[in-house]
Amino acid sequence: MNKKLFGIGLASLVGLGFLTAASASDPKPEDAAKYRQSVYTIIGWNFKPIGAMVKGEIPFDAAAVARHAQYVELMSKAALEGFPKGSGPDAVKHTEAKPEIWTNWDKFETAMSNFEEEAAKLTEAAKGGDEGAIKAQFGKTAETCKACHKEFRKD
Ligand code: HEC
């Protein structure tokens, strides 16, 4: 690795360390809500076109499915930290998160890891490129969205 690149690498590592430290220190409830809503916006953005292909509304494109599925998987791992204690509807004006998330945390966490697991399998299926397998796994992943929304998100 040349010296210049190494310098940049080091600088960005230091930068990342700073960001991690900052986000670990009690985020403001409004900021946490904004963060998780952004994560879900990215999830929805990438999940929707896969759904449209599965339903035959747009042409099936294996490469596009693989790309979108990767973002969904990545974001599935980023969502949980957007729900720190005290960031529920009593502290945040614009949120659809129900208070049950925090009174029933274990169940919420389980719902999240179910989603993470199915999203990871969707990426795997997408890499395989088999349309039938992708369709089946899309359905299973969508079930985990619905299960959590039904219980933990306001309509
Ligand atoms: C473990 C629970 C859980 C899972 C799994 C989950 N969601 Fe959500 N989702 C929520 C909650 C809670 C909110 C409301 C967040 C808020 O308003 O603070 C939300 C909000 C959203 C939003 C609205 C974001 C905005 O602009 O406010 C979209 C879109 C969304 N989810 C899509 C999905 C999709 C698609 C999946 C599955 C691929 C999914 N979610 C899986 C809990 C979940």
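Helices are DSSP runs of at least four residues, numbered from the N terminus. The structure shown in these views is a predicted model.

View 1. Glu124 counts as exposed because its relative accessibility, 52%, is over 50%. Lys127, at 56% relative accessibility, also counts as exposed.

View 2. Lys146 and Glu143 are three residues apart in helix α6, about one turn of the helix. The closest N and O atoms of this salt bridge are 3.7 Å apart. Lys146 counts as exposed at 51% relative accessibility, whereas Glu143, at 47%, counts as partly exposed.

View 3. Glu151 pairs with Lys107 in a salt bridge whose closest N and O atoms are 2.8 Å apart. Distant parts of the chain are linked here, since Glu151 lies in helix α6 and Lys107 in helix α5, 44 residues apart. Both count as partly exposed, Glu151 at 30% relative accessibility and Lys107 at 42%.

**View 4. The iron atom of the ligand.** His149, through its NE2 atom, is the single protein donor to the iron, at 2.1 Å. This histidine, His149, is part of helix α6.

**View 5. The largest nonpolar core.** This core has 31 residues, and Phe47 is one of those with the most contacts inside it. Helix α5 gives the largest share, eight residues. Among the residues that Phe47 touches are Val72, Leu122 and Phe138.

Methods
Residues are numbered from 1 along each chain as its sequence is written. This is a predicted model: local features need pLDDT of at least 70, side-chain atom pairs count only at pLDDT 80 or more; totals for chains, interfaces and linings use all residues. Side-chain values use heavy atoms; hydrogens and water are left out. A nonpolar core is a set of buried Ala, Val, Leu, Ile, Met, Phe, Trp, Tyr and Cys residues joined through side-chain atoms within 4.5 Å. Buried means under 20% relative accessible area, exposed over 50%, partly exposed in between (1.4 Å probe, protein chains only). Helices (H or I, at least four residues) and strands (E, at least two) are DSSP runs, numbered from the N terminus. Contact means heavy atoms within 4.5 Å. Donors are N, O and S atoms within 2.8 Å of the metal (3.2 Å for Na, K and Ca); water is not among the atoms, so sites may look incomplete. A salt bridge is a side-chain nitrogen of Lys or Arg within 4 Å of a carboxyl oxygen of Asp or Glu. Lists of a residue's contacts leave out its neighbours within four places in sequence.
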